[in-house]
Amino acid sequence: MKATNYTDTIASFPSFHNMIGKSKAIRKVFEIIKKVAFGDAAVFIFGESGVGKELVARSIHDFSERRNHSFVPINCGALPDSLFESELFGYEKGAFTGAFQSKPGLVELASGGTLFLDEICELSQTLQVKLLRMLEENKIRRIGGKAEIPVNVRIVTATNRDVESFLQNGKLREDLYFRINTIQLRVPPLRERRRDIPLLADFFLKQFETKYCRQINGIGAQALQILQDYEWPGNVRELRNVIERTYYLATPPTICHTDLPMNIAKYHIENNRQKWDKLTYKEAKEMVLEKFEKEYLRHHLKKHKWNISRTANICEIDRRTIHRLINKFNLRANHTNGKNTGE
Ligand SMILES: Nc1ncnc2c1ncn2[C@@H]1O[C@H](COP(=O)(O)OP(=O)(O)OP(=O)(O)O)[C@@H](O)[C@H]1O
Ligand SMILES: [Mg+2]
C-alpha cells in the first residue's frame, strides 16, 4: 500500500491549516482565526471538551507573525501550585532543595512566540494574581532570582468550563478575565456542524490506514448516517476514538453499521423512534425518502466509480439531478484511488 504522510492526507480534505471541515460553523471559526492571527490581542477560546480548541490555538500561532518562535502550551489544571510556578517562571540555582542549576520557565521559552494557557479556569487564585501581574508588567522574576526579565508573549487561553459561573462564584478573577479576553472565539460542538462528521470520519480513517497499514475502503452509508445522527458529547475527540476502535474491529472492505460501538447504535434506534413521535405521516415519509435517495445514489456512484454519465444511464436519472443530489447530500468518493472524477 502506498504510504501517505499526514500532510498529504490533510491536503486531500477540505481544511484550514491543520483543521478539517467545511460546514458554515467551522468556516466561521477559520475566518476568525485568519483575522485575529495578525496582531497581539489576547484570544480566549471556549467550547466543550474535544471540539478542537488546542488546534485552533496552534492555528492562530502558525498564522501569526510569531510563527517562527515557539508555541508553548501549558495545562493549568495539571500541576500543583508550587510546581506550576517554577514551570511557568523558572528558578535560579539554589532557590529550593533540588534546584542544582538555574532553569528558564515556559514564559521565557515562549518569548517572541505564543503562550497557550489551557484549562485556565483550573488555575488557583494565587497563580491567577501572579499571572495577571506578569501580563500587566510584561516581566517575570524567576523563583529565587532578583532580576526582572522582560517577556514578549502573545497570550491565548482556553477553557471548556462555564466561564460565567466561574466568574460569579469568584473562582476566576474578573481582572484576569478582562486581560485575557480581548477576543473571544467559540468553537462549536460537533453536533452543530454535522456536515463535517463524514469528512472527519474519513480523515481519521485515512490517518489510521497510514499509521497501521491496514486498508479499509471507507464507511458504509448506513454507518455514516448513524455517525451523523449521534450527539457526540465528547465531540471530535470522541469521533476520532470511535473511528480508531472501529477501524481495528471492522472486517474489511468497509466499516458497516454493525461495526459501530453499542452506545452509538443504541442511540440511533432510540432517536429514530423519538423522531417519528414528532413527525406527521408526510414529514416522516419525506425523511425516509431522503434517506433512500442518499443511500441509493451513494451505492451506484461507488459501483460506477463516480462516472456520472454511466450512473445516469443505468439508474435512468438525468445528470443534473445526480449533481443536485450529490450537492444536497454532500456526497464524495471514499477512497483516494477512486477520486470523484466527475464525468
Ligand atoms: N477540525 C478538526 N480536524 C481534525 N482533527 C480535529 C479537529 N478538531 C479536533 N480534532 C482532533 O480532536 C482531538 C481533540 O482536539 P483538541 O485537543 O484540540 O480539543 P480541545 O477542545 O482542546 O479538548 P479539551 O477541552 O478536552 O482540552 C485531537 O486529536 C484533534 O487533533
Ligand atoms: Mg485542550
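Analyst: Let's start with one pair: Arg-173 and Asp-175 form a salt bridge, with their closest N and O atoms 2.8 Å apart. Please keep in mind that this is a predicted model.

User: Okay! Are those two buried or exposed, or partly exposed?

Analyst: Arg-173 is partly exposed, because its relative accessible area is 28%.

User: Which residues does Gln-128 touch?

Analyst: Arg-173 is one of them. Leaving out residues up to four places away in sequence, Gln-128 touches Leu-123, Lys-171, Leu-172, Arg-173 and Leu-176. The side chain of Gln-128 also reaches the backbone oxygen of Lys-171, at 2.8 Å.

User: And where is Gln-128?

Analyst: Gln-128 is in helix H6, which covers residues 125-137. Gln-128 counts as buried because its relative accessibility is 0%, and the cut-off for buried is under 20%.

User: Let's zoom out. How many helices and strands are in the protein chain?

Analyst: The chain has 15 helices and 11 strands. Its C-alpha trace spans about 80 × 50 × 35 Å along the principal axes. Of the 343 residues, 45% are buried.

User: Which domains does the assignment give?

Analyst: The domain assignment gives domain 1 (24-190) and domain 2 (191-338). Their C-alpha centres lie 39 Å apart. Domain 1 brings 12 residues to the contact, and domain 2 brings 15 residues.

User: How much area is buried between domain 1 and domain 2?

Analyst: About 1100 Å² is buried between the two domains, and carbon and sulfur atoms give 45% of that. On the domain 1 side, Gly-50, Pro-189 and Leu-190 lose the most area to domain 2, together making 57% of what that side buries.

User: How many salt bridges are there across the interface?

Analyst: There are 2 salt bridges across the interface of domain 1 and domain 2. There are also 14 residue pairs in polar contact across it. Helix H2 (residues 24-37) supplies the largest share of the domain 1 side that touches domain 2, at 3 residues.

User: And what does Arg-186 pair with?

Analyst: Arg-186 forms a salt bridge with Glu-192, their closest N and O atoms being 3.0 Å apart.

User: How many salt bridges does the structure hold?

Analyst: The structure holds 16 salt bridges. One of them joins the side chains of Arg-66 and Asp-40, at 3.0 Å from N to O. Those two are 26 residues apart: Arg-66 sits in the loop between helix H3 (53-63) and strand S4 (71-75), and Asp-40 in the loop between H2 and strand S3 (43-46). Arg-66 is buried, because its relative accessible area is 8%.

User: What about Glu-54 and Arg-58?

Analyst: Their side chains meet in a salt bridge too, at 3.2 Å from N to O. Both residues lie in helix H3, 4 residues apart, which is about one turn of the helix.

User: Which residues are linked in a network of salt bridges?

Analyst: Glu-92, Glu-108 and Arg-142 are linked in such a network.

User: New topic: how far does helix H11 reach?

Analyst: Helix H11 (residues 235-249) has 15 residues and reaches 21 Å from its first C-alpha to its last, close to the 21 Å expected. Its buried residues include Val-236, Leu-239, Val-242 and Ile-243. Helices H9 (196-212), H10 (221-229) and H12 (262-278) are among what covers the buried residues of H11.

User: Last one! Is His-300 buried or exposed?

Analyst: His-300 counts as buried because its relative accessibility is 12%. His-300 is found in helix H13 (residues 281-303). Leaving aside neighbours within four places in sequence, His-300 is in contact with Thr-311 and Cys-315.

Terms used:
Residues numbered from 1 in each chain as written. Chains lettered and ligands numbered in written order. Predicted model: local features only at pLDDT ≥ 70, side-chain atom pairs only at ≥ 80, totals over all residues. Heavy atoms only, no water. Expected span 1.5 Å × (residues − 1). Buried < 20%, exposed > 50% of the residue type's maximum accessible area, 1.4 Å probe, protein only. Contact = heavy atoms within 4.5 Å. Domains from an automatic or database assignment. Buried area = accessible area lost by both parts, 1.4 Å probe. Salt bridge = Lys/Arg side-chain N within 4 Å of Asp/Glu carboxyl O. Polar contact = N/O pair within 3.5 Å; in protein donor to acceptor, adjacent residues only side chain to side chain.
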